[in-house]
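Open the model in your viewer and keep the selection tool at hand. The tour goes from a sheet to a helix, then to charged pairs.

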Amino acid sequence: MKKFIIFLFLTLMLLHSGCALNVIRNGKICIVPAIGDKALAPEKFAADEFNRTLQKMANSIPQEKSKPSSRLVIGTPATNPEIAEKAEELGLQREELKKRDSFILKTIGADIYAASNYPSGAMFAVFDLMERLGIRWFFPSEAGEFVPQTANLSIDKLNIISAPDFEFRVLGAHYKHDKYVFLQHCKLTAPSPDPKKYGHDGFYKNWGGHSFNWFFPPDCKTVEEYFKKYPEQFAWDKRNKTPVISQHCYSNPDTKKTFLDWIDNFWTKNPDYNSLALVPRDSPVSCQCEGCLKLDPSTLTHKFIAGLIRESEKKHPGKMYQTLAYSFYTTPPQCELPQNQIFSYCMINCCYKHKIDDPICVRNPKHIEELAAWQKKLQCVGSYGYEFIAFKDNSIYTPITPVIASELRQYKKMGLVRFATENYQHFNPSEPWEEQSSFVNRYPIYATTRLSWNTSIEPESILRDFCKYSYGSASSEMEEYHKLMEDAWQKGDAQLCGYNKNYKNYADGFITAELIEKIDRLFSTALEKTKNEARANKFIVLDQKAWQNWRNIGQRYLELHTRLDTGSAPLEELRKRPAESILYKPDLNLPEFKDFADLKEKEDKFPNVEEPPLMLPHPQMEEGCMVGSVIENGEAYQFISVRTKESIFLFKNPEILFKNSFEQCNYEISFRFRFPENSGKNPWFDTSLRHAGLRLAQKFIDNIITINTHYVTIKTRSRDREPSPTALPEKLTAKILPPLEKGKWYPVRIRAVDKWIFVEINGKEIATYGPIFGGGYANLFSPNTEIRDFIIKEIK
Ligand SMILES: [Zn+2]
Ligand SMILES: [Zn+2]
């Protein structure tokens with residue numbers, strides 16, 4: 001009996017779905033959108049998009065006399081009387097349809113209803129239907145739109161309820177028409193794609209990013225003017241006894257008043273905005289005035305913002321605010337916070353190489369822990385990431401989809417309300433496509449938009465669909481290419497955090513000989529297969545260019561490895577290989593800038609200092625100064641830092657000095673030092689060489705060479721105290737030198753040649769060790785020693 005019922009049920013279902021509705025019949029469009037009199041911008045936009053793409057699909061000019069047999073009824077109960085009438089039948093009172101942007105797509109009679117309680121939801125219902133009809137949007141502009149052409153198309157009876165996993169889904173973008181159209185097609189939270197034509201209403205509008213850049217008193221128009229007129233409302237630099245423009249003073253009641261007046265004025269003038277951002281200026285400086293120093297920087301900042309919200313609520317109740325946990329204010333503060341506002345925790349410490357739950361990753365657990373700590377304090381927590389700006393170079397493909405999928409699933413499990421990631425590269429079809437991240441990374445970006453709506457989709461199914469549309473006959477080869485890249489990407493224990501990194505330092509261990517061989521073969525087959533498919537072939541040619549960026553740098557690493565494995569030149573030859581071009585030669589003498597105040601006055605004397613110093617509060621530091629080059633992900637920064645009891649003042653010059661990072665070049669550091677006559681009992685200084693990348697980014701080994709009047713010590717330190725991948729013992733040597741005299745100058749040469757390190761003091765070789773793979777930084781730390789003639793030269 002049961003079997004019979006099931007059978008009957010299935011038969012009915014089949015009969016039911018048999019009532020397919022014609023969309024295009026013999027080249028004629030059979031369905032027209034119907035919006036209500038009170039339709040808002042998203043509904044109007046969706047109706048226009050539906051018409052436009054359907055015409056493209058049917059390849060027809062609308063025929064005025066032909067009467068379409070069906071309608072696509074778009075709207076909300078408030079904007080379209082037809083939706084209001086059918087609200088109950090559509091189930092719009094259901095809990096899941098109360099969520100922002102959720103929608104129902106339902107066939108009733110000869111019509112399809114694209115309905116929601118939100119105008120944006122009704123629009124998303126239309127775009128969802130268009131995807132079901134076979135349309136895809138993979139990147140901005142019509143170049144990224146895929147509309148299959150057909151003379152006959154029908155669709156089965158629909159009854160689909162869909163609600164996003166995150167209330168806010170943001171791929172940050174400055175206004176650009178095509179970009180915003182794309183974001184709406186992909187069901188993201190974004191403002192109106194065409195405010196002139198459709199207006200704003202119904203789209204989500206937030207004002208500002210680092211909005212404190214633009215909060216002024218009524219008599220000021222720029223932050224410079226504000227700073228000049230009211231310096232006491234800006235952060236205090238305690239050491240220099242001067243206010244600085246880069247941040248505000250949050251304990252000054254006048255600052256609060258300025259901000260409150262500005263917010264009051266904002267809501268009075270812009271009642272239609274959904275939310276206002278309250279985010280400090282993008283600088284690591286926190287005020288050091290007495291009032292502000294009473295609190296830790298995170299509490300100081302969040303307490304100030306919470307106060308602004310609380311006060312503003314009195315005049316403008318029910319308004320929404322967005323703020324960030326970022327920079328020096330990422331830790332949960334020791335104060336009450338207003339609930340129901342949107343706080344986003346910035347993923348500064350999250351790693352993009354590994355899935356969020358991959359046990360190999362040392363960073364992600366801490367990231368999740370801090371995020372959870374925020375959730376204990378607040379109801380609405382979001383995450384703000386940098387996945388698509390991890391690399392500075394826009395032509396670099398980041399095969400990151402499985403990693404993002406794991407992140408999104410974790411965030412959904414934790415109940416986050418917002419997923420945002422920075423992605424502001426525009427797509428301009430008239431510029432080389434392979435140089436634009438919107439194109440190069442179109443697959444992971446597209447997949448992210450799918451997954452941020454529905455975290456339970458298998459990324460593999462998105463990839464298969466993407467390849468089917470994009471690559472024609474070569475879809476299986478290209479699917480394999482993307483999969484190989486995604487798998488290889490996650491291997492190894494290198495970490496990728498923050499943003500704007502140089503991809504070249506991430507190729508080692510990722511791009512293997514086997515991968516090169518496989519992928520090269522896939523591309524040549526794919527190109528051959530698509531010889532006669534212009535669009536697919538073009539995409540493959542361009543994707544191959546993106547692959548070649550990784551391939552070429554990977555090849556260099558592989559050659560370097562081979563050179564090391566097969567044994568490089570004999571040590572004797574390496575020892576003597578001459579140092580040639582100068583990479584870095586600072587024009588300074590250390591003791592001259594022991595006092596920070598002096599240093600500031602003499603700033604012009606330092607040709608390499610271009611940026612104002614950063615102040616990093618660091619109470620435990622010993623006083624001293626340091627000079628050197630930081631090689632951060634392939635880019636060299638000269639830095640001069642002065643440590644005082646309270647702060648480190650870091651002068652940093654972002655100019656690129658080195659063509660290649662130390663990862664790929666041999667170098668010699670030389671200088672002279674002198675222990676002053678009046679120096680204490682054990683004068684010393686140290687120099688650090690760091691191999692294999694930056695402390696926070698990659699595995700590294702730090703070699704600290706300490707020179708004292710009586711001995712030299714070379715210690716190695718690996719990150720997380722892991723066993724060193726090289727044969728270097730923990731403490732290499734402590735060779736006794738003839739005692740060094742105070743007041744006398746001694747030369748030092750430290751050479752890194754084909755990954756061997758030679759340390760020479762006063763013409764005598766003290767240590768030789770290696771091979772060490774990788775590069776890093778070189779710096780000197782000298783609390784009581786004079787150092788002159790510091791030079792870094794390249795050894796070919
Ligand atoms: Zn202050
Ligand atoms: Zn990791």
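Select N22 in β1: its bridge partner in β9 is S154. This is a predicted model, where local features need pLDDT of at least 70, side-chain atom pairs count only at pLDDT 80 or more, and totals for chains, interfaces and linings use all residues. Residues are numbered from 1 along each chain as its sequence is written, and side-chain values use heavy atoms, without hydrogens and water.

Now show all of β1 (residues 21-25). It runs antiparallel to β9, joined by 3 bridges. Strands here are DSSP E runs of at least two residues, helices H or I runs of at least four, numbered from the N terminus; two strands pair if DSSP finds at least two bridges between them.

The open sheet has the order β2-β1-β9, with antiparallel pairing. β2 (28-29) and β9 (153-155) are at the edges with a single partner strand each, so one side of each lacks a neighbour in the sheet.

Next, select E49 and R52. Both lie in helix α2, 3 residues apart, about one turn. E49 is buried at 8% relative accessibility, while R52 is partly exposed at 27% (buried is under 20% relative accessible area, exposed over 50%, partly exposed in between; 1.4 Å probe, protein chains only).

Finish at K197 and D48, a salt bridge at 3.9 Å, N to O. It links helix α7 to helix α2, across 149 residues. K197 is exposed at 56%; D48 is partly exposed at 33%.

Notes
Chains lettered and ligands numbered in written order. Salt bridge = Lys/Arg side-chain N within 4 Å of Asp/Glu carboxyl O.
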